[in-house]
Amino acid sequence: MRRIAVLAVGLLIGATLAACGTTEPRETAWPDGLTAYLDQTRLQRNTGEAFVRLINDTGTSIEVSRLEVGSDRFRARWTGSEPVDPEMDFDFDMPRGKCGEGGDADLTITWRETGEEGEWRTSTGKAEDRYANVDRLLDRDCAERTLTEAADITVGEPRVEGEGKQSVFVLPVTFAPTEALPDVTFDGWEGTVLFQLTAETPTWPRATPLPMTGEPTTLELRVLPARCDPHALADDKVGSLFRVHVGGPDVPDGASYFLPLSKAQKTALYDFLPGYCGWE
């Protein structure tokens, strides 16, 4: 009698788990007509997110409860419950990426046909980085990871030399090699839509690469306005994002990241514009 009671309880628990959708999903082939893309919006560049877009042309409404996306460069996941009818974007926090090539990724989804009785399944396919936005993001992470491992980088106090149209904004940057990656080089800065670099500034791609070896070296980022129309400043979103170009054995050609500036350094940079442009 005791064995029958135990068996009955076990069957009841199993039925309850199945009803709650907690049984192990069945592995199936990737659904015909379901397309996956990997991308990042301009806004997500500031939030550190990316997204998978699923486009459903299977002829059947489906629901997704989990995504796992990744490659040898990154791994991330999403959980929740969303229909894909006819398409849906799944946002996720983008981890710091590794060096490598390309932004395409493997994608595993947990899904079922829409309806309470639908069976949960898992399927694995490919998410295409069709606009290379994720590839560029991963290249930025690679460049930053590599250079900051090769050297301790310190951005110093900004200053303005001269007055009016004869003035220049100067930001000293010190590279103190750690000797961890002696084959890595600093390959120069790149200007922005709002600020251009002077001829004396190490500018990519013309600059002579600086090896991350030996004693600390201080270089100057010397800046002039690229334009003086006030609405350009009012509409600006990326004027302070100076690219730092990095070279090395595992770093993709032309890879760069944005020089991190403090709030005070950014304020000083933008405060330089009125005096140079004559707005004061």
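The model is a predicted one, in which local features need pLDDT of at least 70 and side-chain atom pairs count only at pLDDT 80 or more, while totals for chains, interfaces and linings use all residues. Residues are numbered from 1 along each chain as its sequence is written, and side-chain values use heavy atoms, with hydrogens and water left out.

Helices (H or I, at least four residues) and strands (E, at least two) are DSSP runs numbered from the N terminus. Two strands are said to pair if DSSP finds at least two bridges between them. Strands of a sheet pair through backbone hydrogen bonds, either parallel or antiparallel.

An open sheet is formed by 5 strands in the order 1-8-7-4-5, with mixed pairing. Strand 1 (26-27) and strand 5 (75-84) stand at its edges, and each has a single partner strand, so one side of each is left without a neighbour in the sheet. Within this sheet, strand 4 (residues 62-70) pairs with strand 7 (residues 105-113) in the antiparallel sense, over 8 bridges. Glu-63, for instance, has Arg-112 in strand 7 as its bridge partner.

Strand 9 (residues 151-155) runs antiparallel to strand 11 and is joined to it by 5 bridges; here Ala-151 stands opposite Pro-177. Strand 10 (residues 159-161) also pairs with strand 11 in the antiparallel sense, over 3 bridges, and the bridge partner of Val-160 is Phe-169. Strand 10 and strand 11 form a hairpin with 6 residues between them, and Gly-162 in the turn has a positive phi of about 85°. Strand 15 (217-225) is antiparallel to strand 11 as well, with 7 bridges joining the two. Phe-169 stands opposite Val-223 in strand 15.

The chain holds 2 disulfides, a disulfide being a pair of cysteine sulfur atoms within 2.5 Å. With bonded cysteines counted along the chain, the disulfides follow the pattern 1-2, 3-4. One of them joins Cys-99 and Cys-142, whose sulfur atoms are 2.1 Å apart. Cys-99 lies in the loop between strand 6 (87-93) and strand 7, and Cys-142 lies in helix 3 (residues 133-150), so the pair ties together parts that are 43 residues apart in sequence. Cys-99 is partly exposed at 24% relative accessibility, whereas Cys-142 is buried at 0%. This link is right-handed, with 90° about the S-S bond.

The other disulfide joins Cys-228 and Cys-277, with sulfur atoms 2.0 Å apart. It links distant parts of the chain, 49 residues apart: Cys-228 is in the loop between strand 15 and helix 4 (230-234), and Cys-277 is in helix 5 (residues 263-277). The torsion about the S-S bond of Cys-228 and Cys-277 is about -75°, so this disulfide is left-handed. Cys-228 is partly exposed at 25% relative accessibility, while Cys-277 is buried, with a relative accessible area of 13%.

In soluble globular proteins, nonpolar side chains tend to be buried together. A nonpolar core is a set of buried Ala, Val, Leu, Ile, Met, Phe, Trp, Tyr and Cys residues joined through side-chain atoms within 4.5 Å. The largest such core has 35 residues, and those with the most contacts inside it are Phe-175, Trp-189, Met-212 and Leu-259. Elements that give two or more residues to this core include helix 3, strand 9, strand 11 and strand 15. Its largest share, 5 residues, comes from helix 5. Apart from it lies another core of 26 residues, among them Trp-30, Leu-67, Trp-78 and Trp-111.

Finally, there is the largest pocket. A pocket is an open set of points on a 1 Å grid over the protein atoms alone, where a 1.4 Å probe fits, with protein on both sides within 12 Å along at least five of seven lines; lining residues have an atom within 4 Å of a point. Of the 30 residues that line the largest pocket, the closest to its centre are Arg-45, Arg-140, Leu-241, Arg-243 and Phe-258. Helix 3 supplies the largest share of this lining, 7 residues.

Notes
Buried means under 20% relative accessible area, exposed over 50%, partly exposed in between (1.4 Å probe, protein chains only).
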